[in-house]
Amino acid sequence: MKVALLSDCFPPRTGGIESQVGDLAAELVRAGHEVEVFTATPGAKGEPPGRVEVAGGATVHRMALPLPGGIPVNPLAPPKVRERLRHSGFDVAHIHLGVVSPFAWDMARVTTAVGLPTALTFHCVLDRAGPALGPLVRSWTAGGAVLSAVSEVAARGIRRAVPGRPVAVVPNGIDPAAWPVGAMRTGSRPVRLVTAARLAPRKRVGPLLGILTSAARRLGPGAVTFDVYGEGALRPVLERRIRTLGLSEVVTLRGEVPRAELARAYRGADAYLSPARLEAFGIAALEARTSGLPVIARADSGVSEVVRHGTSGLLAWDDHGLVDAVVRLAADETLRTRIARHNTATPTASTWERVVDLTLAEYRRAGA
C-alpha cells in the first residue's frame with residue numbers, strides 16, 4: 001500500500017505527535033508499505049521548502065516556510081501537495097491533527113477534494129475548541145474521511161463535536177525494548193521523581209512546581225528530588241520560579257535528551273509524575289510505566305487509559321489529589337515496590353505491531 005502521512009509536526013521537532021508520526025512512518029515501511037511524509041516542519045538545518053529526504057525508509061517532503069522559531073505553517077503548500085497526491089499512485093492519506101494544526105487542516109481539504117481515501121487521527125483533547133472545529137470536521141467526513149483518536153478520552157470530545165460520526169481509537173505505539181526495566185530501588189532516599197514534557201503551558205509545568213512545593217513541605221527536607229526532561233519557551237520562567245519557591249535542591253531541569261538517555265533516567269528513578277490535564281494519551285507516561293515506574297497522573301487525562309489506579313500508578317482528579325499521591329507514594333516504599341513489580345511484569349498492549357494493525361484497519365475503513 002502507498003501511504004501519505006500528513007502532519008504539521010515531524011522530527012527533528014520533539015513532542016508526542018512528532019515522535020508518533022516519525023515512528024509510524026518507519027513501522028509502516030518495516031511492514032512492507034511505501035510511505036511519503038508531507039510536513040511543515042523544517043529539517044535540522046532549516047532547509048527551504050521543497051526539500052526531500054529519506055528518514056526511516058520513508059520519503060519526507062519538507063514544506064516549511066522560513067518563519068521565526070521554525071513554526072510549522074505553510075499556506076502555500078496545498079497546490080503542490082494536491083499535484084503530488086493526484087499523480088503518484090497513493091492508496092490512502094493519513095492526517096495527524098492537534099487542536100492547532102493549520103497545515104493538517106489544509107491537507108484534509110486537499111485529500112478529500114481529490115477523492116483520496118482519508119483517515120484523520122486526533123492527537124488532542126478538543127475541550128473548548130470542539131464547537132469551533134465541529135463544522136470543519138463534518139466537512140471532512142462529508143468528503144469521505146474517517147475519524148480516529150489516540151484514546152477514548154480524546155474520542156469522546158470528537159464525538160461531541162460531530163455527533164453521529166463513528167470515531168475509532170488507535171492508541172499511540174511504543175517499542176517496549178527501548179524502555180527496559182532497571183534494577184528495583186529499595187530503601188532509597190531521597191525518592192527520585194521524574195517527568196518528560198515540553199516546557200509549555202499545556203503541559204502544566206507551572207502548576208507542577210506548586211504541587212512539588214506542597215509535597216516537599218509535607219514530606220520534609222531531603223525526602224524527594226524531581227528531574228524534568230524536556231525543553232521549551234517556559235524554561236526561564238521556571239528557573240526563576242524554582243529559585244523563588246526554594247526548590248533548587250529539589251527540582252532540576254535536565255533539558256532535552258536522546259531517547260536512550262531518557263530510558264536510563266527512568267531506570268534510575270522511583271516514580272513518574274505527569275500533571276497535564278489535556279493529555280490525549282500520555283506517551284511519556286506509558287514509556288515510564290513500561291520501564292517499571294509507578295505513574296502519578298490526572299484521572300481526567302488520557303494517561304488514565306494506560307495507568308490503573310492503585311495497580312500501575314496513582315490517579316487524582318485535581319492538583320490537591322496529585323500532592324496527596326506524591327506524598328503517599330514517596331512515604332510508602334511497600335506501595336512503590338508493589339506497583340513497580342506489577343509494571344515490570346505486565347507488558348504494554350500499545351506495541352507497534354498492534355498499532356500498525358489498527359492503523360491499517362482505519363485505512364481499509366477509509367476505502368483504501
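In which sense, right-handed or left-handed, does α2 cross α3? I will come to that after a word on the model.

This is a predicted model, in which local features need pLDDT of at least 70 and side-chain atom pairs count only at pLDDT 80 or more, while totals for chains, interfaces and linings use all residues. Residues are numbered from 1 along each chain as its sequence is written, and side-chain values use heavy atoms, with hydrogens and water left out.

To the helices, then. The crossing of α2 past α3 is right-handed, meaning that the near helix is turned clockwise from the far one by less than a right angle. Helices here are DSSP runs of H or I of at least four residues, and strands are runs of E of at least two, numbered from the N terminus. α2 covers residues 78–87, and its axis lies 10 Å from that of α3, at an angle of about 40°. Axes are lines fitted to C-alpha atoms, for helices over the stretch in contact, and angles run from 0 to 180 degrees between N-to-C directions. On the α2 side of the contact (heavy atoms within 4.5 Å) are P78, V81, R82 and L85, and they meet D106, M107, V110 and T111 of α3. Five of the contact residues are nonpolar, one is polar and two are charged; Ala, Val, Leu, Ile, Met, Phe, Trp, Tyr, Cys and Pro count as nonpolar, Asp, Glu, Lys and Arg as charged, and the others, Gly among them, as polar.

Next, the sheet. Eight strands form an open sheet with mixed pairing, in the order β3-β4-β2-β1-β5-β6-β7-β8. β3 (51–55) and β8 (167–169) are at the edges with a single partner strand each, so one side of each has no neighbour in the sheet. From one strand to the next the twist averages 25°. Two strands pair if DSSP finds at least two bridges between them; β6 and β7 have four, in the parallel sense. In that pair, A119 is opposite V146. α3 (residues 102–113) packs on this sheet, touching β1, β2, β5 and β6, and its direction makes about 155° with that of β5.

Last, the cavities. There are four of 30 Å³ or more. A cavity is a set of points on a 1 Å grid over the protein atoms alone where a 1.4 Å probe fits but cannot get out, and lining residues have an atom within 4 Å of a point. Grid points are joined across faces, edges and corners, and volume is the space filled by probe spheres set on them. The second largest cavity is about 100 Å³. Of its 14 lining residues, L24, H96, T121, H123 and V170 lie nearest the centre. The lining has seven nonpolar, seven polar and no charged residues.

Note on methods. 1 Å grid on protein atoms, 1.4 Å probe; cavity = no way out; pocket = protein on both sides within 12 Å on 5 of 7 lines; lining within 4 Å.
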